[in-house]
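Visitor: I'd like to learn how to read a few features of a model. Could you walk me through some, please?

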Amino acid sequence: MTFDLEMIKAYYATMGAKIDAARNVVNKPLTLTEKILYTHLTEGAATKAYKRGADYVDFNPDRVAMQDATAQMALLQFMQAGRPKVAVPSTVHCDHLITAKVGASTDLSKANVENVEVYDFLSSVSNKYGIGFWKPGAGIIHQVVLENYAFPGGMMIGTDSHTVNAGGLGMVAIGVGGADACDVMAGLPWELKFPKLIGVKLTGKLSGWSSPKDVILKVAGILTVKGGTGAIVEYFGEGATSMSCTGKGTICNMGAEIGATTSTFGYDQSMERYLRATGRADVADAANGIKAHLNADAEVLANPELYFDQVIEINLSELEPHVNGPFTPDLATPISKLKEVALANGWPMKIEAGLIGSCTNSSYEDIARAVSIAKQVPALGLTSKAEYMINPGSEQIRYTIARDGFLDVLGGMGAQVFTNACGPCIGMWDRVGAEKQEKNTIIHSFNRNFARRADGNPNTYAFVASPEIVTALAIAGDLSFNPLTDTLTNNKGEQVKLQAPTGDELPSKGFAVEDAGYQAPAADGSSVNIAVSPTSDRLQLLAPFTAWEGVDLKGLNLLIKAKGKCTTDHISMAGPWLKYRGHLDNISNNMLIGAINAFNDKPDSVKNKLTGAYDGVPKVQRAYKAANVGSIVVGDENYGEGSSREHAAMEPRHLGVRAVLVKSFARIHETNLKKQGMLGLTFADKNDYEKIKEDDTFDILGLTTFAPNTPLTLAIHHADGTTETILVNHTYNAQQIEWFKAGGALNIIRASVKQ
């Protein structure tokens, strides 16, 4: 089934003329990324060239996707916008709120009971406003989008950082906060700083144990978790065209882990095959008609260093499987060096669990290659040493791999099959014994491995690898095992060797499914009622944030000076807190409880200046709010790395934090702060971070003349009576300054409706 075919055809019909206009103003050949961006300008055909990394640009994305945890806040905001229906095709996917514990059937049934209030809310809002609704168990948002909605050359936004997965089908797909989604659903332009471009030239061809996952694991090691910030990564070359469409999706998916705005690939035969296999031959036919528009210009491919800001080249024929981690997805180790590095660092060598699937690696090809390893367990007389679990990416994938006998093979290895949902990947894993916080090692094919993320245990050393490497190491139960060279001892005492994985790119019998889990919205939703109980602890209607007072902010207390990595997991944890994603006040009780206080090296322990005592971060901030005392949060590099969750910006806004001052921001989090009317500031001199003391108070000066490209001044009042002043930078443009003045972007939308 093809969704929105007429929209796709209409876009393709105008693409050529808009690309010609862009070439004329840019005056040089275009990358694929530039073609997609310039053909989605709000202004229509380009009339000027935009400066990368500098100019803010308005775009009209083709669609919006939301997962259930972030959709609650996005739709609560949309309900306040005064619009009768979404302006662009939009969908909600119920994949985040299902706990993985016993197995698919039991876990899904329990989730349907526990989350009924939220699911009913999302279903009714979707029905009312013309939004497609994918029920619990239908699958993970990014896999479902790839199977049903992604199309070459398109542009979409999604309220999840791994929206970028759709780049595997040649899209520019970008993770955003719910306020951005609200804007686009309300028919407003979407603003983005025109990104820089990183080109990755892939030569050679993957073989043996190497997989597309190893490409992005290698790239993460090169660029680190912030090397892609403000940039779109475009992959090209013979190595790119030799990979499957879903393999490309895996690479794009984990592009979020290098901070990239998104990643994408040019249209090729693998994408055509995937479109036809997923029932979208009409989209493939349309794309074939404009194939040149869906790839970079020939001159770009011939001399990429002239057209990209940075070029990386990787020879796939020489690429070794990698294992990344622990605790950060950019700590890349080739499999041949893993034993040496693990022993040198004292990592726990025994692997307790191997997990595959998730939105990153749950394609038919991924599972097929893992199954080819699992088949060898009984054949070679082996027994898997670690627990083994799988989260299928969609009901279509689950049904098809069940039909083809894959689940039987995995079951023979002792695999536990969880619901078609995120589960352990986002912390929704009720892991037996995790509460003991014992030091242990797991390996998975997910995308992130921050401390506490999978099971809540800060002492779980989580490593990221391809599904086939995860399967092999789960069988061995040993982090030092290299399946390319090492042997295992079977039940007869013999030394046996695993053979390299194999697997079909697409099912030879085609995909199959009985009920994909889709609910179409009502043709006319005007009579649909949406009820939110005032006593609910899961849902809470939003009240507008207050506007700026019109004066400089003075007498602000320091809430916390966060030390080191401070991701959105640290700022607003997931796991058990996901259930409060629709209730801003309740979820604010997790604000910054994972951040490490630079003054005592403890999480959730900060000094309350009103009492002199130490207490949890949310409790101290609530005390400041009750006393009408503003506060400031200070952070380190790449603050807000990780998920798109806007709760990390809304919670401090709700509790009365006035500014966040850091060495540098992750892109999505900085935008989320701006959208909510917060001040997101950076040290002009990063060494000034050291000047911040525990008992300081602050004045933010220059707000009455707040203007683009003009630093503000921070007065730091120390407890000894001395004062230092430093410059702090910002990236606010004129429109974003209006968001700040109005108390948030949504307040401006509300005002426009009233007019």
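Visitor: Which residues does A281 touch, not counting residues up to four places away in sequence?

Guide: Contact means heavy atoms within 4.5 Å. With residues up to four places away left out, A281 touches L275 and R276. A281 lies in helix α12 (residues 281–288), where helices are DSSP runs of H or I with at least four residues, numbered from the N terminus. This is a predicted model, in which local features need pLDDT of at least 70, side-chain atom pairs count only at pLDDT 80 or more, and totals for chains, interfaces and linings use all residues. Residues are numbered from 1 along each chain as its sequence is written, and side-chain values use heavy atoms, with hydrogens and water left out.

Visitor: Is A281 buried, exposed or partly exposed, and why?

Guide: Buried means under 20% relative accessible area, exposed over 50%, and partly exposed in between (1.4 Å probe, protein chains only). A281 counts as partly exposed because its relative accessibility is 30%.

Visitor: How do I read a pair of packed helices?

Guide: Two packed helices are described by the angle between their axes and the distance between the axes. Here α8 (residues 212–223) and α10 (residues 245–253) pack at about 20 degrees, with axes 8 Å apart. That makes α8 roughly parallel to α10, a term for angles under 35 degrees.

Visitor: Which residues of α8 and α10 meet?

Guide: P212, K213, V215 and I216 in α8 meet G247, T250 and I251 in α10.

Terms used:
Helices (H or I, at least four residues) and strands (E, at least two) are DSSP runs, numbered from the N terminus. Axes are lines fitted to C-alpha atoms, for helices over the stretch in contact, and angles run from 0 to 180 degrees between N-to-C directions. Angles under 35 degrees count as roughly parallel, over 145 as roughly antiparallel, 65 to 115 as roughly perpendicular and the rest as oblique.
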